[in-house]
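Hello,

Please find the structure below, with its sequence. My notes on it follow.

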Amino acid sequence: MKIVVCIKQVPGVSSVKIDPETKRLIRDGVISVINPFDYYALEEALRLRELHGGSVTVLSMGPQKAEQSIREALAFGADNAVLLCDKHFAGSDTWGTSYVLALAVRKIGDVDLVLCGKQAIDGDTAQVGPGIAAHMKDWPHAAGVSAINGIEDHMLSVNRMIDGGYDECLLTLPAVLSVIKEINEPRVARLKGWLKAEHSLIDIWDADQIGADVNLLGLNGSPTRVVKTTPPKSRDRKTTFFDGSEAESAGKLLYELRIISAI
Amino acid sequence: MNLNYKRYRLEVSPPKQAVNHLSERLTRFDEKYNKAVDAGHCVCVTDNAMGNLAFQGHELIQELKLPVRFGQVMIHLNTFHTLSDLHWILDSCGELGIKEILVVSGDGSVRLPKLKPSEIDCDSASVTSVELLGYIRKIYGSAFILGAAFNQYEPEAHEILKFRRKIEAGAEFIVTQPMVGRNELIEKVMSKTKIPFIIEAWMSPNIKLLSDCIGYSIASEDTFDPMACLESLRNAYPANGFYLALLDFKTQFNNFQIKA
């Protein structure tokens, strides 16, 4: 089974700044990590490979420094890695990004399954998974996947999380899945994996190599326009220490909680 | 197997899980480890301290082919592992001849899986160091010398109850939380038990970090001198062993060796 896992490098901090001109996140000088939801996609891919054989390829679009996250994915046990890196990709919205990723999936060739995390924690759109399927034309997509029940005769059975429970659906392969954290418990990488990943070859493909139309890339090729961004209001938090014995301080805590109707 | 509890236990933080400068970071760990062992001390390797993913002590020892001498390696083990990883760690420690395991509840993070009570056949609401101690004892018998932590900054009744449960579950020695002077609760508990207590000394000049962990100011930032603090603790507790947290191998190790 040939599986592609899409990962995104996202800011590793909760407080990010937004460029007032482009309305996009300022990523320079910010620690970057693998998008947390993508760990679940990677774990599921590794488990499927353990069950059915085949290979896992990690795919990411981003600047050169995204190589760090790709190497981390390799440390977990992915077989191959591709970084899509080109100045024309910069500023692409989810439609442009999924176009690039889909072209790379085509170039990899004979892919049975593309796995994505449910969404990236920086943009929170959850659109890239469905976008890849749309660009792959006739590939089915399932979102909110909480379990892969089985694969038989090029049919994939999955559970999708829905309001009040889940439904079970069948997809023909090849397919794209966006998985949620209920699907598994990601493993922790081991030192041997990191040592191997440190020297693993990462293919770097630009727009030419995947045959991308540059008019469909970057800000110009992206139909989405961010017209305004507003940082969330900071939550008012305060700490109160209660003096006295344990009984006295517990009594004071109880009083305060009642005043704010917390109990 | 009798451990020399008076041997100094030197905390050596394992490299964090990251690809940047990995070889250099491994070399630094190797140097600290060998320096401590060659000087006759016991190296203590933490387990994802503060919830930050780091390499496990046993895999570093395996990969770097570090020496394991009886009583000179202590591995921390917390509850933030899958069951299979827990057995991987313990089985590897067994194969390497590592005997001393300090069992703690741990800090955890979103990236770390937590042991579930059902996985280790216990009916508690969650797995703490008590349940983990009991499980290791049940599965591995006397293969390891298990230790547990004692937090003198917690309310007395609560901590004494936990201490008793840890001993019942199989803890054979205790490591305190970092101390900067005499502590009445520690002295009270030590006077009533034969369990060896290892006193943890805070070797970083940054005492604020410890104060932040505890929740109140423990000592003046302007006047705190880790070496002087260690000296006063040694005088106060001459019968105890010492665990040195955040020891600076460049500036403190040589001074400390003379005093040891």
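**Chain A: overall**

Chain A contains 7 helices and 11 strands, where helices (H or I, at least four residues) and strands (E, at least two) are DSSP runs numbered from the N terminus. This is a predicted model, in which local features need pLDDT of at least 70, side-chain atom pairs count only at pLDDT 80 or more, and totals for chains, interfaces and linings use all residues. Residues are numbered from 1 along each chain as its sequence is written, while chains are lettered from A and ligands numbered from 1 in the order in which they are written.

The mean pLDDT (the predictor's confidence in each residue, from 0 to 100) of chain A is 90, and 97% of the residues score at least 70.

The C-alpha trace of chain A spans about 70 × 45 × 40 Å along its principal axes. Of the 263 residues in chain A, 38% are buried. Buried means 20 or more other C-beta atoms within 10 Å of the residue's own, exposed 12 or fewer, and partly exposed in between, with C-beta atoms placed from the backbone. Of the contacts in chain A with a separation of 6 or more, 67% are between residues 24 or more positions apart; a contact requires C-beta atoms, placed from the backbone, within 7 Å.

**The sheet**

In chain A, 9 strands form an open, mixed sheet in the order S9-S8-S7-S10-S6-S1-S4-S5-S11. S9 and strand S11 (203–205) of chain A are the edge strands, each pairing on one side only; two strands pair if DSSP finds at least two bridges between them. From one strand to the next the twist averages 30°. Axes here are lines fitted to C-alpha atoms, for helices over the stretch in contact, and angles run from 0 to 180 degrees between N-to-C directions.

Helix H1 (residues 36–52) of chain A packs on this sheet and touches S1, S4, strand S6 (113–117), S7 and S10 of chain A; its direction makes about 150° with that of S6(A). Strands S4 (residues 55–61) and S5 (residues 80–84) of chain A run parallel and are joined by 5 bridges. A:Ser60 stands opposite A:Leu83 in S5(A).

**Backbone points to check**

Most residues other than glycine have a negative phi, and most peptide bonds are trans. The bond between A:Leu173 and A:Pro174 is cis, with omega about 0°. A:Pro174 sits in the loop between strands S9 (165–172) and S10 (175–179) of chain A.

A:Lys137 has a positive phi, near 65°, and lies in the loop between helix H4 (128–135) and strand S7 (141–152) of chain A. A:Lys137 counts as exposed because it has 7 C-beta neighbours inside 10 Å.

**Chain B and the interface**

Contacts between the chains involve 13 residues of chain A and 14 residues of chain B. H5(A) gives the largest share of the chain A side, 4 residues. That side divides into 6 nonpolar, 1 polar and 6 charged residues (Ala, Val, Leu, Ile, Met, Phe, Trp, Tyr, Cys and Pro count as nonpolar, Asp, Glu, Lys and Arg as charged, and the others, Gly among them, as polar).

In helix H2 (residues 57–64) of chain B, the buried residues are B:Gly57, B:His58, B:Leu60 and B:Ile61. They lie on the same side of H2(B), because they cover an arc of only 160° around the axis, taken from the directions from the helix axis to the C-beta atoms. Their cover includes helix H5 (191–198) of chain A and, from chain B, helix H1 (22–38), strand S2 (42–45), strand S3 (73–77) and helix H3 (83–96).

Regards

Key. Contact = placed C-beta atoms within 7 Å.
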